[in-house]
Amino acid sequence: MAAPTFTVGELIDQANVALAGMFPGEVWVEGEIHNKGRPSAAGHTYFSLVEARTDPLTGRKQNATINVALFNKARDRVNRHLRRAHGQVRMDDGVRVRLRGTVAIYPASSTFQMVMVGIDPTFTLGSLAAERAALLGRLENEGLIGANAARPLNPLPLRVTLIASRGSAAEADFLHELELSRLGFQIRSIDTRVQGVDAPEELAAALSLAGSCPADAVVLIRGGGARTDLAAFDAEVVARAIAACGHPVLTGIGHEVDTSVADQVAHGAYKTPTAVAGALIEAVSARAHEVEECAARLARVADASLTDAERSFGERRTRLRDAAVRTTEVADARVAAAFPRVAAAARRSVGHSERIAQNASARLPVMANAVLRGAEAVLAEPVRRLGRVGSQLDLAEERLDHLGALVEAVDPARLLARGYAMVLKEPEGADFNGGAGRLVRNVSDVAVGDRLGIRLADGTVAATVSGIGHRRRPDANPAAERSSPDGLPNSHVHTNDSGDDQ
């Protein structure tokens, strides 16, 4: 038998008939709200209900999703259900709910959806409480409940890192309270979400950043709202971030009845953001009051010490003055008693000194003559020695005149004036002008081509050696060599130029 053929509409209708047979009435569905948008112009609200699960066939983690439609005509019924929870449950992203409605395939989009007609608030509150209790148990077992509370809070907590939603009423209340105190608080603010699906991760990141910044305390605040609005502060990632924070964390989460997991893990928990600010102000004021009391006590002690010191000084001054007067009177009495004895002793000493002086004056001429005769005997020998020294000086002067004459006789300038000459050899590598060089003493000191300087009495002649002659031995032919008048052999030189003495 051939398979039947349906139109699209017929197939959807048949599927809805099958769903109606499978689910003949309303059903309850549990899940987490995602992608909740604003109501449409007609007043309808649409969102998704999501369940994270593991596929039984593949073993992969995946989300099971169903679209939910809350039409305007069912809103009043849902609001009545929410009022039973006294405003503690609010439908928002990330909230786990139990919804009642019918299921069908929507023909216009061929999507499977649920038409919501009711909600069970007690399920949401119970689910939150159960999850919170389980998380607190795990944290207790790991020793994280009191980890942040063990961090000491600075007695003067003026440096504060504030974690809040920027522009929120909670931030404004907290800052306003600190401003009214007129204390020197230093505030560093970190903006973060405090509600919604992404809020837990952002809160944890903000706590990690605050722990790395210098601060005396980290303040985590959020204004009042439904129990579901505060679900982010029950998240495990936030609790662990508080426990690991390097500074004491103070919470001011706006709920009065229940406490969040963040409150239990924090160093200190307060009911409202204003209460946190008040606690900080009270701590600083108490410390300031202690300082003022210490200063007052110190001033009182200083005044008492000064008073005692002044009284003691006055007493000591009086005693010292009295002792000085008594000492002076005793000394005056002792001086008066000793004066006759001192005067008599002085008269005896003066008489004795006069007698000594008279005896000395009688012996002085005799002693003076003896000393003079001794001095004359001592000086006679030096006088004789000085006479001999004068004779030696005369002989030395004659020898010096004789040596001067000899020196003058051998003066080179006098020899040059008599017709002699000095021959100097050009230094190698020097700019030779015939006036300086090494003295030529033998013909072996020069070679053909050497430049010479011939020093005369009135100047210098530059010459070049063109030939060299040697003195003949005694048995040589005297005619073969002509000698100069002074007996030296003639040298063949070419005169280049002459110059004045330098």
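Trainee: What should I know before reading the values?

Mentor: This is a predicted model, so local features need pLDDT of at least 70 and side-chain atom pairs count only at pLDDT 80 or more, while totals for chains, interfaces and linings use all residues. Residues are numbered from 1 along each chain as its sequence is written, and side-chain values use heavy atoms, with hydrogens and water left out.

Trainee: How many salt bridges does the structure hold?

Mentor: Start with the term: a salt bridge is a side-chain nitrogen of Lys or Arg within 4 Å of a carboxyl oxygen of Asp or Glu. With that cut-off, the number of salt bridges in the structure is 15.

Trainee: How many residues apart are Glu-236 and Arg-138?

Mentor: Their side chains meet in a salt bridge at 3.1 Å, N to O. The pair links distant parts of the chain, with Glu-236 in helix α6 (residues 236-244) and Arg-138 in helix α3 (residues 121-141). Helices (H or I, at least four residues) and strands (E, at least two) are DSSP runs, numbered from the N terminus. The separation of the two residues is 98 residues.

Trainee: Are Glu-236 and Arg-138 buried, exposed or something in between, and which class is it?

Mentor: Buried means under 20% relative accessible area, exposed over 50%, and partly exposed in between (1.4 Å probe, protein chains only). Glu-236 has 30% relative accessibility and Arg-138 has 38%. By those values, Glu-236 is partly exposed, and Arg-138 is also partly exposed.

Trainee: Which residues are linked with Glu-236 in a network of salt bridges?

Mentor: One link joins the side chains of Arg-240 and Glu-236 at 3.0 Å, N to O. These two are 4 residues apart in helix α6, so about one helical turn separates them. The residues linked with Glu-236 in the network are Arg-138, Glu-142 and Arg-240.

Trainee: What separates Arg-311 and Asp-308 along their helix?

Mentor: Their side chains meet in a salt bridge at 2.6 Å, N to O. Both sit in helix α8 (residues 273-409), 3 residues apart, so the separation is about one helical turn.

Trainee: In what order do the strands of the barrel run?

Mentor: Two strands pair if DSSP finds at least two bridges between them. Here 5 strands form a closed barrel with mixed pairing, and the order is β1-β2-β3-β5-β4.

Trainee: Which residue in β5 is the bridge partner of Ala-69?

Mentor: Strand β3 (residues 61-70) and strand β5 (residues 111-119) pair in the parallel sense over 3 bridges. In β5, the partner of Ala-69 is Val-115.

Trainee: What angle does helix α2 make with β5?

Mentor: Helix α2 (residues 72-83) packs on the sheet, touching β2 (45-54), β3, β4 and β5. Axes are lines fitted to C-alpha atoms, for helices over the stretch in contact, and angles run from 0 to 180 degrees between N-to-C directions. The angle between the directions of α2 and β5 is about 50°.

How values were computed. Contact = heavy atoms within 4.5 Å.
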